[in-house]
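This report walks through one protein model, from ring pairs to strands, cores and loops. Keep the structure open while reading.

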Amino acid sequence: MAATYNSFSLHTAPEKFYVEACDDGANEVLAIDRVSTEMTLIGMKDIPPSAVTRPICGIMGTIRLVAGTYLIVITKKRKVGDLLGHAVWKAVEFDVISYKKTVLHLTDTQMQDNKAFLAMINNVLNTDGFYFATDYDLTHTLQRLANTSPEFQEMSLLERADQRFVWNGYLLRDFSTQPELHRFACPVIHGFIAMKSCCINGKVFDWNLISRRSCFRAGVRYYVRGIDSEGHAANFVETEQIVQYSGAKASFVQTRGSIPFFWSQRPNLKYKPKPQISKSGNHLDGFQRHFDSQIITYGRQVILNLINQKGSEKPLELAFAKMVESLGNGMIKYVAFDFHKECSRMRWHRLQILVDTVAEQQADFGFFLVDAAGTVQMQQEGTFRSNCMDCLDRTNVVQSLLARRSLQAQLQRMGVLHVGQRIEDQADFEKIYKNTWADNANACAKQYAGTGALKTDFTRTGKRTQWGLVMDGWNSMIRYYKNNFSDGFRQDSIDLFLGNYAVDEADMSTTLQEAKDWKFLTLPIIMVVAFSMCIICLLMAGETWTETLAYVLFWGMASVVTAGVILFNGRDFVDAPRLDFPSLVCAVTGACTERCHHRPYCHDGSGTEEEEEEEEEEKSMGQAGPNKWASGRLTQTHAHTLLSTLQSHLRGTARTEEGAVHQLRPTLEKPHLCDPSTSHTP
């Protein structure tokens, strides 16, 4: 395998960036032209003496914003540990460096947009959990790496990486096309890695936990649910537990991911928005695509569905079970376990019911094991795919229990544990184990939901505590605020970083500066004033109690009515993503742009119940619904034309997306907008 360079010096000159490889024996320099953006290899002697020099730890890649191209570099790293003798690093600090020496060529609006885009990039970079290795492939499990061809082994890290987990893949697109530059480009994963040196019975072994977060259909809690048309699940995470002892190594892999069909749960100021199952998407097709990929990659599947089997989550559970039955695939087994019902009133011991239920399947799956001589002794034949609504709190608890059972078998097979010994009885290691899994839960939760995980007191201590309930309440309040008032920006940040939204050179207009509707400011002010007056009337009583009561009732009723109006129009007050015009085109026309399958609002996956009922009503009346407006996939040119038109209407007389859609219907119905030579993928 061609390893990447481990350390660099960045020399900045007015015309070029010079990235010097500083490894022993290295003499290559990457020259990046700041005008043409061309990248070439040169010799050491070509670095101008006047260049400003600074050390850097790696190159994340490049991205184009309104002001031009930017170079993203890792400026600080921290060693996590060694995996099979290879150093694993955590990227701690970054720098985003402009190719342009000035932004004076931009208008005021463009400067504001560019500043917003830079804030988005930094928002993602400041989200904890970026890891890399310069001479080891972190994107693959031990089992996948053991079952590769000699040709694969000779590939560079960038070529051989599993693209599901390369979070800087879009940023490295220019490096990917030039093999000679691959030693300067290091794939970076996002998730969680912990490496612990442990001791049981006087025997020292390494225990590692790696969670790889997928960059396909990546996003935040309420804006990305279900799957896309290619079967990629939201919040998909591959978690691998690795044990190394006396040259032998073993691993156990699990996955988590959103319920794999088309559904949504858009925030609307309610504490728990009602999930909506799409009525127009081809659920079984996307469902089959997802599990075909799962089976090819991981083998047999046991689905552990941990959501409630009553209330608003019940339809999702029924639909999930029905789809597994309809698919009729013998490689898939479905297990439903109502986590909250079974463990209510602090009955956490009842989780053992689930563990015992799947014990036979876990024994059949086994784990991956290689002896000290490098001979494969066992292969893992299948995986558990766990999910709850968010695939965070409940999911992590169950995964930690299954991983412990596997670890028990691994350590006994390696000779670390004696016959009859249990991991639970090894107090020192049990503390390390529980705390690490709780840290894994917190990392995954912060990346998806914006706060630490819930129920981590059980993961850390093995029991539920009153303090844990208090902390869960606090984290729930923080989640509510972030999900409603800051997640739109976070979703835009992820889409920009991953290339799901690209800043267009030909049209620099964006919706970042879109003015808020009048209700956004007026109604909250009225509610606050009314509530304040109600409190004042209570504290400063009038001459008679009837007068005081009248004032209190009036202002109290005003505040309640205003609050009701705000809740009724909840979606007008939440922070929604703004970089979503391709998905709006899809929702309007039924045709997909190139990247709309990455977005959470595609017509084929996440239409709201009200929108879909309106569509059905139009069809029943013989009107041309969205899917009748276009027979094919929008071409790049036509999509760009349509987006520009939509933008101008949204900035003009149309107050909402729906208003723009109604104004543009005559235009959208014209056949020239679509390319009939390509078919529309549902």
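The model is predicted. Tyr271 counts as exposed, at 57% relative accessibility.

## Aromatic pairs

Rings come first. A pair of aromatic rings is described by the distance of the centres and the angle of the planes. The count comes to 21 aromatic pairs. One of them joins Phe94 and Phe130, and its geometry is edge-to-face. The centres of Phe94 and Phe130 are 5.9 Å apart, with 80° between the planes. This pair links distant parts of the chain. Phe94 belongs to strand β8 (residues 86-98) and Phe130 to strand β9 (residues 130-132). The two residues are 36 residues apart. Are Phe94 and Phe130 buried or exposed? Phe94 is buried, and Phe130 is buried as well.

Tyr271 and Tyr480 also form an aromatic pair, and theirs is stacked. Here the figures are 6.5 Å centre to centre and 20° between the planes. Where do the two tyrosines, Tyr271 and Tyr480, lie? Tyr271 is in the loop between β14 (263-264) and β15 (276-277), while Tyr480 is in helix α14 (residues 466-485). The pair therefore ties together parts that are 209 residues apart in sequence.

Some rings gather in a group. Phe205, Trp207, Phe429, Tyr433 and Trp437 make up one aromatic cluster.

## Charges over rings

| Charged residue | Ring | Distance from ring centre |
|---|---|---|
| Lys77 | Trp89 | 4.0 Å |
| Arg183 | Tyr5 | 4.3 Å |

Next comes a strand with two partners. Strand β3 (residues 29-33) is mostly covered, with 5 of its 5 residues buried. Which residues lie on each side of β3? Val29, Ala31 and Asp33 are on one side, and Leu30 and Ile32 are on the other. Both faces are covered, and these residues are all buried.

β3 pairs with strand β2 (residues 16-21) in the antiparallel sense, over 5 bridges. Ile32 in β3 is the bridge partner of Phe17. β3 also pairs with strand β4 (residues 39-42), again in the antiparallel sense, over 4 bridges. Leu30 stands opposite Leu41 in β4. The hairpin of β3 and β4 has 5 residues between the strands. In this hairpin, Thr37 takes a positive phi near 65°.

## Nonpolar cores

In soluble globular proteins, nonpolar side chains tend to be buried together. How many residues does the largest nonpolar core have in this model? The largest nonpolar core has 66 residues. Phe205, Leu304 and Leu351 are those with the most contacts inside this core. Helix α11 (residues 393-414) gives the most to this core, with 8 residues.

Neighbours within four places in sequence aside, its contacts include Lys196, Cys198, Val243, Tyr245, Leu411, Val416 and Phe429. A second, separate core has 44 residues, among them Val188, Phe497, Leu498 and Leu523.

## Loop residues with positive phi

Two leucines follow. Leu84 has a positive phi of about 55°, although it is not a glycine. Leu84 lies in the loop between β7 (68-83) and β8. At 29% relative accessibility, Leu84 counts as partly exposed.

Leu269 has a positive phi of about 80°, and Leu269 is not a glycine either. The loop between β14 and β15 holds Leu269. Is Leu269 buried or exposed? Leu269 counts as buried because its relative accessibility is 9%, and buried means under 20%.

## Record and whole chain

The unreviewed UniProt entry places the feature "transmembrane region" at residues 520-542 and 548-568. In the model, residues 548-568 are 100% helix and 0% strand. The end C-alpha atoms of residues 548-568 lie 30 Å apart.

Some totals close the report. The protein has 22 helices and 20 strands. Of its 682 residues, 54% count as buried. Among contacts between residues at least 6 apart in sequence, 68% join residues at least 24 apart.

Definitions and conventions: Residues numbered from 1 in each chain as written. Predicted model: local features only at pLDDT ≥ 70, side-chain atom pairs only at ≥ 80, totals over all residues. Heavy atoms only, no water. Phe/Tyr/Trp six-rings, centres within 6.5 Å; stacked < 30°, edge-to-face > 60°. Buried < 20%, exposed > 50% of the residue type's maximum accessible area, 1.4 Å probe, protein only. Lys NZ or Arg CZ within 6 Å of the ring centre and 35° of its normal. Pairing = 2+ DSSP bridges. UniProt positions renumbered as here; feature names shortened; annotations may be inferred. Core = buried A, V, L, I, M, F, W, Y, C linked by side-chain atoms within 4.5 Å. Contact = heavy atoms within 4.5 Å.
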